[in-house]
Amino acid sequence: MVDSRDNMETMDTYPVLRGKPGTFEESIDYYDASVNVMNVDNEEEDEDFDPRERSFNVYDCDATALLQAVVFIEDGVRYRSINHKIDSVSLWYYRLYYSWPVQWTLYLTITTILVLAFIEKPSSITTNGTADPRYRGDPINLPCGATETIELACLLIFLADAVIKTHLIGKKQFIKSPWLIAYVFIIITSLADWMVTVNYKCNEVVRFRRLLRPFFLLQNSSLMKKTLKSITRTVPKIASVLLMLMLHIYFFTMFGLLLFPLPERTNGTNSSTGDQNSSDVIPLPDEPSKYREGQQFFTDIQTATISLLVLLTTANNPDVTLPAYIYSRWYSLYFISFLIIGLYFFFNMLTAVIYNEFRGYLLRSMQASLNRRRLAFQAAFEMLCQQGRPIERNVQITTVSVGVIKAAVSQAKMKRHAKAAIIARLDSEMGSTKTAGEFQAIFDALDREVDKRKPPIRTEHNKYLHFLQELIVHRYFNYFGTFVAVLNVLVITVEIAVQYDKSFYKRDSSLALINFLFIMFYVCEQTLKIWAYGWRRYRSSRQCVFDGMLTLVLVIVEIVYCVINRGVLPSSEREVLTEALPLYEIVRVINMLIMFRVLRIISHIQTMAVVAATLIDLLRNLRSFVGILVVIYYSFAILGMELFHDLTSRHAPKINATNTTAYECGSFEQLEYWANNFDDFAAALVVLFDVMVVNNWHIFLGAYKKYSSGWAQLYFISWYFVSVLVCLNVFTALVLENFITKWDRAQEAQQQELQASYMMSVHMMFRGQLKEPTEQELKDELRKHPHIQHLRLQRQIQQPS
């Protein structure tokens, strides 16, 4: 082992990675050049030794190896796989592919092809904006070929993306990548279906490619793939609980069919008396009937099963229980037992199983991501081992110069604050060397939150101004501003509750005057804060910026209100402006903006601050889950449009037509649910959301069974199982994990008075439970790199220590 700490040359200047190499051969010209300076006698002594495996005994700087190290660092930063080509030409294209213009073009293409569902036939854009077929205007459909041209451009971009990915990873890796193979297959299938559409002049029966579009969103996010993989692997684990739940429903279905009898209907004759229309079969109208429950909700196995399934979601409770309960209160024990076992035992058990299993699979996925990051950094370390130092034959180098590390980090793409922290640390240790473990530790700054040091407050020298400044920057001044904001909201509440019409529709109302006074206070408050804090310190506070922007918008809207209300403009222009912007609408906008100021109270209560921080983290960390939800919504919406397009709309009553039909109370028709249809993509999304909420979802089951067939209920039941029982329970698991982790770290930071905090990314949620791979494990894995044969370090890596 050679430490090489002595005579170590640090790199004050380093090559900048610019321009595209000409050919692959140019990327290894350095190795060919080495042959010219080797000792011929040594070659004769070792004829089996490849000259490219020997290095100079000089201080060198290999630009190709530096480029490889930079790319590997970028792979580690973004948790990407390093199994791609590593010659300089491929690496140049690789960095270009992952540059922000190319990636944002790809994101824009994915968004565009998904949004096409809103504007292509049947269009969700109508002349009057309603989805109700009774009032809906004509859809605004683009001419045939307009959306198809946009779609073709998107598919060609996806095809180019697939070709580039295949080239960068190589044919062998392509065969081992099922996602990439599926990507190519779906692109080809979509292009074939696109040709069918063009051939039939947009009058084809079904567009299969619309069902395939969500895949483009799914395959572009590694975190979404991990989340989906975790969900799919969780489903078999919860099969036992679902089976028990189905058995529970089946048992109570059969028991209910036996418990709630039906009257004899053979030839209209009662089996017990033989008398037709016997009084014991059809009781008097004012008597409770023991047959009513069976006639309404337990007529057959299918009806009984659906009734109990809906009851398990409490959507039809207590409606489904009342006929039997009216006849005898003892029947309530049947329904209470069913709900207690199913709703409080099986459903909660299902949530617990999903939380435990999904968390375990997600934990393993995060472990794989950590291993991928560590492997990338280890590969970068091995690349840098040959930089800025003499390399002897058969010598394994275990340290890297800090100057060389800085050369690579400075040119790698990563978050600005993380790079600044790493560079600052390297500058303080310039002249030393780093081992592999120390090199890995350098990049811990990637997981640290930005340490934003707020600019100092400029101190006033005048004693009176200094006293006023201290008064404004004191925390009690913020408390007073929050108190005024809460008081303003309370005044608005009282005005709306007591005199809504006078407050909004009357000119120069008391509410408008009160709001004007409060707005003047907000202007004075923000002006004083800007003076006291200074502009740099003021804009460094998110709360100050939020309050300042909100106050600015309030002032603008208030000026518009005063211009219209006070008659500053001529009468003709004033009438036109009043018609376009009614005064009561402006007052409503002012009051809605004022409502946002009450959010200031969150920063003053620690528990609320933790909850708010958790919500913000959820918005950032649940992007992968939201992406999965978008995929599921999109797929079911397109499928629903193909199955139920224009199904309920055909039965909607005509406007201004005499309708003598008496609809059953609580039915789809009586509740006027006509706007909940699958006539276009936007309307289908709303129906799916309504069913996911499960309130009154049995009404959709009954309506689509009536207008289609009993098989239509399988669509809604499948959507319920996928969206509610699986996705929402997974969402619950993520919320619990995020909040618990955030709460624990907030409590720990408060107890230990910690200054540094960590971002709550999905990877960091499980960071404390992940195992760090050893250096030897990383080296063993690095030997499996499919393109390692072109590395000059291969001999060094494979050499046993």
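## Aromatic pairs

In this predicted model, the count of aromatic pairs comes to 49. One of them joins Phe668 and Phe700 in an edge-to-face arrangement, with 6.3 Å from centre to centre and 75° between the planes. Phe668 sits in the loop between helix 30 (623–644) and helix 31 (681–693), while Phe700 belongs to helix 32 (residues 697–707), so the pair ties together parts that are 32 residues apart in sequence.

Phe668 has a relative accessible area of 2% and is therefore buried, the cut-off being under 20%. Phe700 is buried as well, with a relative accessibility of 2%.

## Aromatic cluster

Phe668 and Phe700 are both members of one aromatic cluster. Its phenylalanines also include Phe636, Phe644, Phe678 and Phe716.

## Arginines over tyrosine rings

Arg80 lies over the face of Tyr98, at a distance of 3.8 Å from the ring centre. Another such placement involves Arg597, which lies over the face of Tyr522 at 3.8 Å from the ring centre.

## Confidence

The average pLDDT of the protein chain is 78, and 76% of the residues score at least 70. Across residues 268–282 the pLDDT stays under 50, and the model gives this stretch 18 contacts beyond four places in sequence. Residues 753–760 also have a pLDDT below 50, with 24 contacts in the model beyond near neighbours in sequence. Where pLDDT is low, predicted coordinates should not be read in detail.

Terms used
Residues numbered from 1 in each chain as written. Predicted model: local features only at pLDDT ≥ 70, side-chain atom pairs only at ≥ 80, totals over all residues. Heavy atoms only, no water. pLDDT = per-residue confidence, 0-100. Contact = heavy atoms within 4.5 Å. Phe/Tyr/Trp six-rings, centres within 6.5 Å; stacked < 30°, edge-to-face > 60°. Helix = DSSP H or I, 4+ residues; strand = E, 2+ residues; numbered from the N terminus. Buried < 20%, exposed > 50% of the residue type's maximum accessible area, 1.4 Å probe, protein only. Lys NZ or Arg CZ within 6 Å of the ring centre and 35° of its normal.
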